Amino acid sequence: MSSYGRCYTKEVNGSSLPDKKPTVVFVLGGPGSGKGTQCANIVQHFGYTHLSAGDLLRAEQNSGSENGEMIKNMIKDGQIVPSEVTVKLLLWAMEESGNDKFLIDGFPRNEENRAAFESVTGIEPEFVLFFDCPEEEMEKRVLNRNQGRADDNIESIRKRFKVYTQSSLPVIEYYDSKGKVRKIDASKPVEEVFEAVKEFFTSLDDKVAA
Ligand SMILES: Nc1ncnc2c1ncn2[C@@H]1O[C@H](COP(=O)(O)OP(=O)(O)O)[C@@H](O)[C@H]1O
Ligand SMILES: Nc1ccn([C@@H]2O[C@H](COP(=O)(O)OP(=O)(O)O)[C@@H](O)[C@H]2O)c(=O)n1
Ligand SMILES: [Mg+2]
């Protein structure tokens, strides 16, 4: 078995590939835009497995892994952890789930993430759900999140916004140029945002059923 997960790597031999490529939707948007909140709703209604790159990294940090200290420092500083670590965690979680439909939340966050996932798996996202939200609203939400996160403080948030603008928005623009972005006004209340989200997943289900 390669150092990555077995089923979802395109390398090695044919037998390592699953019968059918899984369906992947990338869920992107700034810190506090509501990615995790809406993913929980999508899971309930549409049978996806939710994989948050940030949650996987926090779990890895707390597991006593050799990368723990590096992950901790990078998260506190709002930096993006090298893809080598994150892609591996995502692939393990995909295999472990036994599902073939995934919401990948908070990934790819930069060009390096994007290229690594594509070259390791050969998977193209079905679409990219983009939660568009003004910075001041995101800041307010993150400061009120109360999940005890080391990066939900004003100093870390400022750094995360900068990284988001410099490194993550270009990835969204890349997918937009390929017609893959489904943009949502994420400043609205949770229920209204979900109404808009639902439409994209319902049309995908209709397309698959057709
Ligand atoms: N549409 C919304 N309106 C107001 N608050 C929201 C909305 N969506 C999420 N929140 C709240 O904002 C905070 C950040 O949401 P979260 O889903 O964790 O965002 P993200 O994963 O994009 O950082 C949470 O406390 C959540 O309850
Ligand atoms: N693809 C990713 C996703 C998250 N992360 C790290 O994890 C932090 C928190 O990510 P998150 O997705 O949980 O944060 P939110 O956007 O949900 O607030 C990021 O600021 C990065 O430091 C990363 O390095 N690479
Ligand atoms: Mg989140």
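Predicted model: local features only at pLDDT ≥ 70, side-chain atom pairs only at ≥ 80, totals over all residues.
Ligand 2 sits in the largest pocket.

A total of 20 residues surround ligand 2, and the closest are K35, R58, Q79, V81 and R160. By residue type, the shell around ligand 2 is made up of eight nonpolar, five polar and seven charged residues. Helices contribute to this shell as well: α2 (53-62) and α3 (68-76) each supply at least two of its residues. The largest share comes from α2, with four residues.

Several polar contacts can be picked out around ligand 2. At G106, a polar backbone atom is 3.0 Å from a nitrogen atom of ligand 2. R109 takes part through its side chain, where an N or O atom is 2.9 Å from an oxygen atom of ligand 2. Taken on its own, ligand 2 has 530 Å² of accessible area, and the protein covers 96% of it.

Attention now turns to ligand 1. Ligand 1, too, sits in the largest pocket. Around ligand 1 there are 13 residues, of which G32, K35, T37, R145 and K188 come nearest. The shell around ligand 1 divides into three nonpolar, six polar and four charged residues. Helix α1 (residues 35-46) provides the largest share of this shell, namely three residues.

The polar contacts of ligand 1 involve both backbone and side-chain atoms. A backbone N or O atom of G32 lies 2.8 Å from an oxygen atom of ligand 1, and G36 likewise has a backbone N or O atom 3.1 Å from an oxygen atom of this ligand. T37 contributes a polar side-chain atom, which lies 2.5 Å from an oxygen atom of ligand 1. Of the 560 Å² of accessible area that ligand 1 has on its own, the protein covers 76%.

Conventions. Residues numbered from 1 in each chain as written. Chains lettered and ligands numbered in written order. Heavy atoms only, no water. Near = heavy atom within 4 Å. Polar contact = N/O pair within 3.5 Å; in protein donor to acceptor, adjacent residues only side chain to side chain. Areas by Shrake-Rupley, 256 points an atom, 1.4 Å probe, with all protein chains shown as cover. 1 Å grid on protein atoms, 1.4 Å probe; cavity = no way out; pocket = protein on both sides within 12 Å on 5 of 7 lines; lining within 4 Å. Sits in = over half its atoms within 2 Å of the grid points. Nonpolar A, V, L, I, M, F, W, Y, C, P; charged D, E, K, R; others polar.
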